[in-house]
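Here are my comments on the model, as numbered points. Please read them with the structure open.

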Amino acid sequence: MEATKCASCGATGTGKFCAECGAPLGGATCASCRAALSPGAKFCHRCGTAVGERAPRAAGERGLAVALPWAVAGIALLAVVSLVAGQRFARTRDAQPVAQSGMPGAIGEAQAAAPDISSMTPEEQAERLFNRVMSAFEQGDSAQVQFFAPMAVQAFERLPRKTADQRYHLGRIGAITGVPQLASVQADSILQADGQHLLGLLLAAQGARMRGDEGTARGYDRRLLSALDAQERRALPEYGQHANDIARAVVTARGPSGR
């Protein structure tokens, strides 16, 4: 059989799967839905099943995994409709929200404080909603995170082509809302285009840890540390924008010894 270079770890091998990291090389299919797997993929892009699973997941687990993206999309669509309807009756787009005493973070307040995105491009809408989610998360306002996160996910999913930075933002929403599949799939897409991208590696490690797979997470940690110097010399714009995230990931990857 002709030797093939693994798109994930760079090792050369034959067959359908890489002998070093287990990633598909070519001709491999998903164990769950039998869809063709892209070389180097960690997850099936049709059903989200992790590469290497020997048997389909239990019916209840698969049902949840398949239904979750559609549920998020449905909730987001309803939220967007509500937002547009509310804007038609607003007295001014710049009006400040009125806080209700004793009800911090209530859904009513979140709706009143919703940003006006009707005149923005799709990219601007996605970024504005992402910033709103992250701001609420940093403030510990779980009600606003839950309100705006589905809207942000839907906004990013509407983009016909996503940059690595946009995929990282979408994956971060999955990380802070407890949806590891969203984080891992976006990390996988980033690494398909650039196997050493720091944001893809740190997001992949986060997704693995959320699933309780510390072994896989440590593998991504090692790849992050190995690629760090060369990637920092590239000075990509998204590296500067997320320098704090990268710094925290490096600390985690080095562990208690700091090495």
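1. Helix α3 crosses α4 in a left-handed sense. This is a predicted model, and the remarks here and below should be read accordingly.

2. Two packed helices are described by the angle between their axes and the distance between the axes. For α3 (residues 122–138) and α4 (residues 142–157), the axes come within 8 Å and the crossing angle is roughly 155°. Angles over 145 degrees count as roughly antiparallel, so α3 is roughly antiparallel to α4.

3. Which residues make the contact between the two helices? On the α3 side they are Ala126, Glu127, Leu129, Phe130, Arg132, Val133, Ala136 and Phe137. From α4 come Gln144, Val145, Phe148, Ala149, Met151, Ala152, Ala155 and Phe156.

4. By residue class, the contact of α3 with α4 consists of 13 nonpolar residues, one polar and two charged.

5. On the chain as a whole, there are two strands and 10 helices. Their order along the sequence is β-β-α-α-α-α-α-α-α-α-α-α.

6. How much of the protein chain is buried? Of its 259 residues, 41% fall in that class. The protein chain exposes about 14300 Å², and 54% of that area is supplied by carbon and sulfur atoms.

7. A last point concerns contacts across the sequence. Taking contacts in the protein chain between residues at least 6 apart in sequence, 48% link residues at least 24 apart.

Note on methods:
Residues are numbered from 1 along each chain as its sequence is written. This is a predicted model: local features need pLDDT of at least 70, side-chain atom pairs count only at pLDDT 80 or more; totals for chains, interfaces and linings use all residues. Side-chain values use heavy atoms; hydrogens and water are left out. Axes are lines fitted to C-alpha atoms, for helices over the stretch in contact, and angles run from 0 to 180 degrees between N-to-C directions. Helices (H or I, at least four residues) and strands (E, at least two) are DSSP runs, numbered from the N terminus. Angles under 35 degrees count as roughly parallel, over 145 as roughly antiparallel, 65 to 115 as roughly perpendicular and the rest as oblique. A crossing is left-handed if the near helix is turned anticlockwise from the far one by less than a right angle, and right-handed if clockwise. Contact means heavy atoms within 4.5 Å. Ala, Val, Leu, Ile, Met, Phe, Trp, Tyr, Cys and Pro count as nonpolar, Asp, Glu, Lys and Arg as charged, and the others, Gly among them, as polar. Buried means under 20% relative accessible area, exposed over 50%, partly exposed in between (1.4 Å probe, protein chains only). Accessible areas come from the Shrake-Rupley method with a 1.4 Å probe; for residues, only the protein chains shown count as cover.
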